[in-house]
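Could you walk me through this fold, from its cores out to its sheets? I would like to see how the pieces sit against one another.

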Amino acid sequence: MLNQEILSYIEAHSQEAYELLLTLARIPAPSNHEEKRAEFCRDWLAAQGARGVYVDEALNVVYPVEAEGPVEVYMAHTDVVFPDTRELPLTVENGRICCPGVGDDTACLVCLLMAAKYIAAHVGKPDWDALRGQGKPGLVLVCNAGEEGLGNLKGVRKICETYGTRMESFCTFDSSLDKIVNQAVGSKRFKVTVSTRGGHSFSDFGQDNAIAKLAGIVVRLYEIQVPEGPRTTYNVGLISGGTSVNTIAQQAEVLYEVRSESRESLELMEGRFTSIIEQARAEGLDVSVEVIGVRPCGGDVDPDKEKALTDRAMEVVRQATGSMPRRGSGSTDCNIPLSLGIPSVCVGCYRGEGAHTRSEYVEIDSLKQGYQVAFGMILG
């Protein structure tokens with residue numbers, strides 16, 4: 001439970017946190033191009049007195065509060081799914097902040113930053129041991145890159161590479177207050193390209209059209225039967241190709257993914273995908289496949305330690321909101337540490353709707369609860 005000093009701090013700094021969210025949400029940060037937000041977070045943390053903050057090669061902003069020996073890692077991701085490179089459009093109306101990416105994951109990122117500000121003012125002082133608890137592991141806070149889409153979890157991969165087996169536990173702040181993720185949904189993503197001779201739509205009529213041939217492959221992909229058992233899915237998310245309306249397309253591409261809570265089911269789905277590609281090649285098509293993303297399923301995690309971390313997260317959210325969140329599976333930054341056997345949990349910090357759409361919003365009156373969740377996980 002948070003002490004009264006921390007609760008008073010959250011109340012006293014809630015307007016500052018609100019203004020920070022309005023500023024940060026406008027800064028574009030497409031996956032693999034998070035430089036602007038990384039620079040902002042680094043400079044903001046340094047201005048709050050955080051020592052040793054740096055940006056690593058994966059564009060993570062790392063605040064190693066106490067990074068000797070075993071550590072706990074807490075993070076929230078800087079990137080959003082939108083490709084905008086100019087300022088993101090933001091409005092405030094009817095008790096809501098409306099902006100693409102404002103919830104996923106900017107509101108959660110602000111919660112982490114505000115906790116970091118508080119910590120920077122206390123670390124090394126006489127009350128620090130009591131605040132964190134004597135004998136607890138060290139502490140690393142990360143504004144991480146590459147959580148969304150083709151970022152392919154590059155940020156958390158780098159953090160796990162840096163701290164490895166020294167990580168005793170991992171927590172990422174992502175999603176809404178009513179959900180906790182403690183099980184990894186693995187995925188594999190592919191780019192499938194079909195190439196043909198093409199030609200003029202009239203004079204070369206009858207030549208193979210790459211779009212039509214690729215469409216045939218997509219039809220077969222959607223005839224795949226998913227295995228029974230743990231939830232397994234597939235999706236065609238993007239298709240492109242061709243030159244003009246009067247051109248027989250020479251090339252067409254599709255992005256395809258398979259997901260599952262089960263490693264075995266994921267491998268089975270990949271095998272069925274591969275069979276369809278091989279069949280197309282046997283029919284004479286020029287088809288190439290590139291793996292563009294891999295997110296592993298969970299590994300061998302100590303069940304007692306995972307339960308203890310999850311139960312703590314559930315209780316922190318209950319204390320902040322008055323309600324128990326639901327728990328389940330998801331594809332988050334937790335995938336990497338879970339695959340390495342590190343107890344991990346993903347905890348939400350806001351209420352809102354429309355994640356991954358341009359009509360996304362967060363409810364302003366939920367933000368203080370999100371701050372309490374972040375402070376509670378790190379310092380409670």
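This is a predicted model: local features need pLDDT of at least 70, side-chain atom pairs count only at pLDDT 80 or more; totals for chains, interfaces and linings use all residues.

Setting aside neighbours within four places in sequence, Leu-141 is in contact with Val-61, Val-62, Tyr-63, Val-65, Tyr-74, Leu-112, Ala-116, Ile-119 and Ile-378. Leu-141 belongs to the largest nonpolar core, which has 69 residues. Along with Phe-173, Phe-375 and Ile-378, Leu-141 is among the residues with the most contacts inside that core. Helix α4, residues 102–122, gives the largest share of this core, 14 residues. There is also a second, separate core of 24 residues, and Val-194, Tyr-256, Val-258 and Ile-277 are included in it.

What does the side chain of Lys-117 make polar contacts with? One partner is the side chain of Glu-16, at 3.3 Å, and another is the side chain of Gln-48, at 2.6 Å. Leaving out residues up to four places away in sequence, Lys-117 touches Tyr-9, His-13 and Trp-44 as well as Glu-16 and Gln-48.

Now let us turn to helix α9. It runs over residues 303–321, and its 19 residues should span 27 Å at 1.5 Å a residue; the end C-alpha atoms are 27 Å apart, which agrees. The buried residues of α9 are Glu-306, Leu-309, Thr-310, Ala-313, Met-314, Val-316, Val-317 and Ala-320. On the face turned away from the buried side of α9 sit the exposed residues Asp-304 and Lys-307.

Both ends of α9 have something to look at. At its start, a side-chain oxygen of Asp-302 comes to within 2.9 Å of the backbone nitrogen of Asp-304. After the helix comes Gly-322, with a positive phi near 85 degrees.

What covers the buried residues of α9? The cover includes the strands β7 (167–173), β8 (179–184), β15 (326–330) and β16 (344–347), together with the helices α10 (335–339) and α11 (367–379). β8 and β15 run parallel and are joined by five bridges, with Gln-183 standing opposite Ser-329 in β15. β8 also pairs with β16, here in the antiparallel sense over two bridges, and the bridge partner of Ile-180 is Val-347 in β16.

Elsewhere, four strands form an open sheet in the order β4-β5-β18-β17, with antiparallel pairing. β4 (91–93) and β17 (352–353) stand at the edges, each with a single partner strand, so one side of each has no neighbour in the sheet. For β17, that partner is β18, residues 361–363, and the two pair in the antiparallel sense over two bridges. Within this pair, Gly-352 stands opposite Val-362 in β18.

Conventions. Residues are numbered from 1 along each chain as its sequence is written. Side-chain values use heavy atoms; hydrogens and water are left out. The expected span of a helix is 1.5 Å times one less than its number of residues. Buried means under 20% relative accessible area, exposed over 50%, partly exposed in between (1.4 Å probe, protein chains only). Contact means heavy atoms within 4.5 Å. A polar contact is a pair of N or O atoms within 3.5 Å; within protein, one must be able to donate a hydrogen and the other to accept it, and residues adjacent in sequence count only if both atoms are side-chain atoms. Two strands pair if DSSP finds at least two bridges between them. A nonpolar core is a set of buried Ala, Val, Leu, Ile, Met, Phe, Trp, Tyr and Cys residues joined through side-chain atoms within 4.5 Å.
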